[in-house]
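User: Please walk me through reading a sheet and its confidence in a model.

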Amino acid sequence: MARPGLATRLYQGEANINIVGRRKTWFLVAALLVVFSIGTIAIRGFHLGIEFSGGTSFTLPAAAAGKTLTQDDAEDVVTRAIHAVQPDATVLAAQQIGTGDSSSFTVRASALSAPEVEKAKTAIVGELGLTADQVSDNQVSSAWGGAVTEKAILGLVIFLILVVAYLIVRFEWRMAVGALASLLLDLTLTAGIYSAVGFEVTPSTVIGFLTILGYALYDVVVVFDKVQENTRGITAGSGRTYAEATNLAVNQTLMRSLNTGLVALLPVGGLLFIGAGLLGAGTLKDLGLVLFVGMGLGVISSIVFAAPVLSALKDQEPKIKAHNARVLAKRASRSDDVAPRAERTRSADATDSDEPAFVGGTTPRPGARPAVKRNTTNRGGGAGNRPSGGGKRR
Amino acid sequence: MHPGRQLAVLGLVFVVLYLAVFFAGGASGSFTDRLKPKLGLDLVGGTQATYIASQAGAPPTQEAMKTAQEIIESRVNALGVSEAEVVIQGNNTIVVSLAGEAEDQLKDLSQAANMRFRLLTGVTGDVSASALNPASPTPSASASGSAAPSAEPSAAASGAAPEVGASPSTGGQGGGAPAPSGSPSPAPSTSASAPAAAPAPQTGDMAANLAAAKEKVGAETWALAEKLSAPVDLSTDPEAGLPFKAFSTLSGPEVAALSPQMQFNVPTISCAQLNARPNGSIDDISSEVVACYQGAAKVTLDKAEVIGDDIKEASPQLDTTQNQWVVSLDFKSEGQTKWAELTRKAFNATTTDACYTAVTSLYGTAEHCAVAVVLDKEILSAPQIQGVLTGSSQITGDFNAVSAKKLADQLNFGAIPVNFEAGPAQTVSATLGYEQLEAGLLAAAIGLGLVAVYAFFYYRLLGSVIFLSLGLSALLTFGALVFLGRTMGFTVTLAGIAGFIVSLGVAADSFVIYFERLKDEIHEGRSPRSAVPRAWNRARRTIISANTITILCAAVLYIVSIGAVQGFAFAMGLSVVLDLLVVFLFRHPIMTMFANTKAFMSPRVSGLGRVLRTAQTEETPSSRVKEA
């Protein structure tokens with residue numbers, strides 16, 4: 001076992017992937033994606049469902065011209081008639097209103113122009129052998145009132161303010177900024193994907209979108225919690241720069257992030273599979289889709305965006321700046337030394353310091369440390385072998 | 001706390017919840033019926049009502065319809081956390097669909113809810129019956145009783161000068177002094193007494209109705225009625241009502257077209273006719289109106305000094321001293337000024353004021369004038385004002401918890417600018433139907449299955465803890481849904497089901513946090529017995545922080561937003577709270593107990609095996625360091 005596979009290292013929280021160190025790359029990628037998202041939203045807008053944009057409804061009697069229609073019949077006939085004049089139109093399922101012979105069916109479709117409505121109506125009348133006055137059409141407003149959106153946005157803003165306040169109290173303002181930035185990135189990208197691909201936006205989509213909100217923050221909080229733990233009193237030692245400590249925390253929670261991401265995405269995947277695969281369209285697909293996209297992005301951005309933003313902000317803090325400089329200076333002065341030796345010494349020394357200066361982050365080379373440890377069978381420095389949170393104890 | 005005790009608490013929660021599901025909150029029917037959550041419009045269909053704008057002339061503006069749609073939507077949502085659908089159809093129709101059988105709830109939704117506070121200025125009995133049938137001049141004590149004194153206040157109400165009207169009734173007790181409070185209100189009302197002045201805003205067919213009324217009544221009777229300056233006093237002449245017989249045949253809209261004076265003075269116009277006037281007939285703020293008080297007396301009301309728009313917030317409250325429900329009002333600042341002014345006028349009124357004599361005849365005795373609280377066509381109450389009210393005030397009336405909340409909601413949401421006629425309520429079939437419900441449940445099963453497989457694969461036996469807790473969460477959630485569906489009208493839509501499926505994953509997430517922590521601790525070389533509480537302490541902090549945010553999100557959205565978003569927020573809050581419950585009362589104690597067993601240490605059994613192995617081999621030389 002010269003070097004455990006990536007899976008094992010992930011499992012033990014030792015993947016040691018340099019994430020925070022490449023923050024410039026992530027920021028660039030994020031910036032490009034944001035520009036793309038905003039661009040596509042500005043140019044293409046969203047494909048709004050009938051619930052938002054309103055539409056046209058057709059009402060036809062259930063029993064007429066000597067026969068009784070079923071709900072499916074009515075839906076089929078109207079759908080065919082509408083698609084004949086406007087192939088892109090969305091047609092919702094038929095609804096039966098009332099019971100018995102006097103009942104009628106209403107089918108709602110996306111907005112049609114007056115001539116289109118006439119044509120569709122003629123087709124329906126012709127196919128069912130009805131008279132023209134038995135089929136009525138109406139413009140239908142959006143079911144999702146403008147007030148609902150307004151209030152939801154108001155709620156969103158209040159929530160964001162409160163959550164920032166909470167994060168400032170619970171963590172610090174830089175973490176609040178990092179969490180917020182990551183959240184906004186998620187939401188922008190999800191919206192961007194929706195706009196770019198042209199997925200239909202329905203109330204279910206909006207609900208799903210709001211779900212992402214809580215979930216994305218949840219992820220970030222878990223990562224930041226670890227960062228805070230790892231960097232408590234970091235300036236007292238000189239083992240790691242802040243960015244490295246953050247990177248370590250990210251690595252230590254990487255397994256958790258992937259795990260929870262996977263665990264949360266599994267049911268959503270089930271939704272999407274059933275919704276899109278078996279039913280073709282509708283609430284399940286809408287929800288599954290937005291959640292899949294948003295939660296997936298949430299997991300990724302909590303790892304590669306939130307933490308880098310945090311470390312970038314932290315590096316501006318004078319105290320941390322000085323600390324980083326000291327660490328780097330120390331490291332430079334030791335660079336003649338054989339690296340593993342240095343590490344080992346420090347590990348052994350560090351038993352009582354707040355941050356046992358194991359190795360994880362000091363060498364940006366990913367994966368270097370565990371390999372070294374194991375190969376040298378340097379059990380004395382065992383502390384180094386359990387970077388996963390084990391490091392700091394108190 | 002001892003693990004056993006926590007489990008006992010959980011057991012208690014479970015038992016209480018399911019007892020509630022089976023026996024509380026109006027549970028009825030067979031056991032399976034009691035286990036049915038309230039399903040949404042999209043899954044099982046519901047009831048649909050159509051409201052058509054009854055405004056004459058041009059259809060209402062789009063703006064007005066939009067406002068109406070929003071207000072109706074707010075009202076529907078205030079009925080419970082259900083996802084109703086409110087759409088505008090065509091240019092004058094609003095269609096409301098609600099899940100389940102909801103005819104009762106749909107009944108008053110389109111009510112305009114124009115709130116008016118008017119000084120009560122005159123009273124006469126609802127004497128149409130006795131006027132039409134004078135053979136028994138004193139048919140009932142109440143009718144004639146109220147009719148008798150009615151002559152006095154009416155003089156004040158309809159007379160041009162209150163002092164003149166009031167003095168004969170009170171024996172000339174000095175007319176000039178009380179003028180400041182008495183005169184300002186009746187004085188302007190005289191200007192509105194021109195017979196043709198239309199009190200309602202819809203002037204369109206008002207004239208037509210007036211003409212129809214004139215024709216029905218006949219010119220002679222009409223002239224007679226126009227000459228009346230006070231309600232006909234049947235106590236002196238039981239037959240005095242007979243000449244006006246034709247008025248009893250007028251329809252509601254025709255009555256509405258008459259001048260307020262005529263509506264009040266003509267004894268043959270009954271309360272039933274007044275109540276049949278179209279909606280919005282007495283909404284006009286700047287005119288005097290006639291209404292019925294508790295179906296027994298016709299009253300004239302001064303122009304509205306304070307209206308619903310002046311109210312900042314209304315809330316239902318239980319008045320514990322009286323043990324009755326009231327609606328508490330907070331006024332906007334200028335509304336407060338107007339309200340103080342109105343109550344001052346009523347409070348300071350003296351026996352010479354018209355309003356004072358009106359109160360006397362209505363209640364038998366009077367200390368102060370009364371302000372009628374009028375909602376649309378109905379007088380909710382007409383309390384005597386016991387002081388100048390400068391703070392929040394209460395509306396009393398015949399309220400119960402439901403009607404008090406309804407009125408408060410209506411006041412808070414504002415009045416609908418359009419008057420609607422409600423069409424019949426009809427059943428409406430599901431938009432999605434059982435096929436989609438089944439698919440949703442299938443998706444839930446698949447999701448749960450996948451999570452379980454993953455948990456067992458990754459955490460081995462610990463996976464069973466995850467699985468059990470998820471099962472427990474699901475049972476608690478289901479119980480809560482059934483119970484809340486019955487008590488709060490919480491409906492489960494397909495989106496809701498999807499939301500709960502997602503929450504399964506999120507619930508599993510808090511387990512992962514805990515187990516990863518546990519792994520860290522064991523990796524560090526701790527024995528499971530000491531690792532469990534340590535991991536728990538640390539994970540708890542993380543879990544609480546993260547869940548706080550979700551709860552915050554749910555709470556803010558629930559309070560601020562409306563409609564589907566509110567329903568969603570409720571579901572999210574519910575699932576997080578239940579998740580926390582399971583985490584604290586089930587998983588932690590179970591893990592504590594588990595840690596004491598030998599099996600826990602076995603790599604085959606617990607998913608911590610590999611970590612344990614590594615930790616053990618490494619531990620020997622370095623345990624000193626780790627435990628330091």
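User: How do strands of a sheet pair?

Analyst: Through backbone hydrogen bonds, either parallel or antiparallel. Strands (E, at least two residues) and helices (H or I, at least four) are DSSP runs, numbered from the N terminus. Two strands pair if DSSP finds at least two bridges between them. In chain B, an open sheet of three strands runs β8-β9-β12, with antiparallel pairing. Its edge strands are β8 (311–319) and β12 (393–399) of chain B, each pairing on one side only.

User: How many bridges join β8(B) to β9 of chain B?

Analyst: Eight, and β9 covers residues 324–331. One bridge partner set is B:L318 with B:W325 in β9(B).

User: What does pLDDT tell me?

Analyst: pLDDT is the predictor's confidence in each residue, from 0 to 100. Where pLDDT is low, the predicted coordinates should not be read in detail. Chain B has a mean of 73, with 80% of its residues at 70 or more.

User: Where in chain B is confidence lowest, and where highest?

Analyst: Lowest is helix α8 (residues 162–170) of chain B, at a mean of 31. Highest is helix α16 (residues 333–347) of chain B, at 86. The model scores ipTM 0.71 and pTM 0.65.

Note on methods: Residues are numbered from 1 along each chain as its sequence is written. Chains are lettered from A and ligands numbered from 1 in the order in which they are written. This is a predicted model: local features need pLDDT of at least 70, side-chain atom pairs count only at pLDDT 80 or more; totals for chains, interfaces and linings use all residues.
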